[in-house]
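Have the model open as you read.

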Amino acid sequence: MDISTLFRLDGKVALVTGGSRGIGLMIARGYIDSGAKVYISSRKAEVCDAVAEELGPNCISLPHDISTVAGCDALAADFAAREDRLDILVNNAGAAWAAEFGEFPESGWDKVMDLNVKSPFFLTQALFPQLKAAGKEGAPAKVINIGSIDGQRLNPWETYSYHASKAAILWLTKRMAARMVKDHINVTAIAPGAFASDMNKAARDHGDAVAQAIPARRIGEAEDMAGAAIYLASRAGDYVIGETLTVDGGLVGADVRTSIGA
């Protein structure tokens, strides 16, 4: 066993959606530092381009809006014009919406469900030839869906479509995994807890206060997310299929208040 290469991604090609900020950026940076060539995609071209330049020559910007199936197809075609294989796909791009029950709009339902559930499925479908080209017996390609602990437990806010979407992506992960393992493609998910990002403004702006409710007594750091994503993408995670890795400092698995129903 060569521990020095167990978590390395040398020679791998990855695509991270929503890779220009937040959790996607944490993952992209970790993959690059582990030796991968990483394509990042986001809706804002100027931001995507600037981040790719910052991350260096092993990061390539592919800005696209993947909130529609047409957008997913366009990103897949752009990628396929550059690469004939895809070793790692991280479906990270997402959206959230909060509103009171009686006022929750259809637009807030559709935007979140489309980007958080439909887009990961149809982007993976569109990139299936490249994933299949990369996957081999004993060296599978990887699809990693980014869920949330809000797909495993309730948060205090009225985020109806977000809760539904993040529960859905965890089960979609299992369904996709059962099919795609036949082609040497492993599908897994990560359920992050509190990480500082534009989507999680509470953790970003009030990290110390948020940390008081977390058993680990801190919010997540970039190394926590990068480490989880590298594990699943590398040889170290080759025998993990259809599972969700919860990275939350113990909120779901070690919260005494939850376990006693308080």
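This is a predicted model: local features need pLDDT of at least 70, side-chain atom pairs count only at pLDDT 80 or more; totals for chains, interfaces and linings use all residues.

Numbering starts from 1 along each chain as its sequence is written, and side-chain values use heavy atoms, with hydrogens and water left out.

**Helix packing**

Helices here are DSSP runs (H or I, at least four residues) and strands are E runs of at least two, numbered from the N terminus. Axes are lines fitted to C-alpha atoms, over the stretch in contact for helices, with angles from 0 to 180 degrees between N-to-C directions.

| Helix pair | Axes come within | Crossing angle |
|---|---|---|
| α2 (residues 22–33) and α10 (residues 222–233) | 8 Å | roughly 60° |
| α2 and α3 (residues 45–55) | 11 Å | roughly 30° |

Angles under 35 degrees count as roughly parallel, over 145 as roughly antiparallel, 65 to 115 as roughly perpendicular and the rest as oblique. So α2 and α10 are oblique to each other, while α2 and α3 are roughly parallel.

The α2 and α10 crossing is right-handed, meaning the near helix is turned clockwise from the far one by less than a right angle. On the α2 side, contact (heavy atoms within 4.5 Å) involves Ile 23, Met 26, Ile 27, Gly 30 and Tyr 31, which meet α10 residues including Met 225 and Ile 230. That contact has 10 nonpolar residues, 1 polar and no charged. For these classes, Ala, Val, Leu, Ile, Met, Phe, Trp, Tyr, Cys and Pro are nonpolar, Asp, Glu, Lys and Arg are charged, and the others, Gly among them, are polar.

α2 also passes α3 in a right-handed crossing. There, Leu 25, Ala 28, Arg 29 and Ile 32 of α2 touch Val 51, Glu 54 and Leu 55 of α3. This one has 5 nonpolar, no polar and 2 charged residues.

On a 1 Å grid over the protein atoms alone, a cavity is a set of points where a 1.4 Å probe fits but cannot get out; a pocket is an open set with protein on both sides within 12 Å along at least five of seven lines, and lining residues have an atom within 4 Å of a point. The whole structure has 1 cavity of 30 Å³ or more. Its lining includes Asn 91, Asn 116 and Lys 166.

The second largest pocket is lined by residues including Phe 121 and Arg 175, and α7 gives the largest share, 4 residues.

Notes
Grid points are joined across faces, edges and corners, and a volume is the space filled by probe spheres set on the points.
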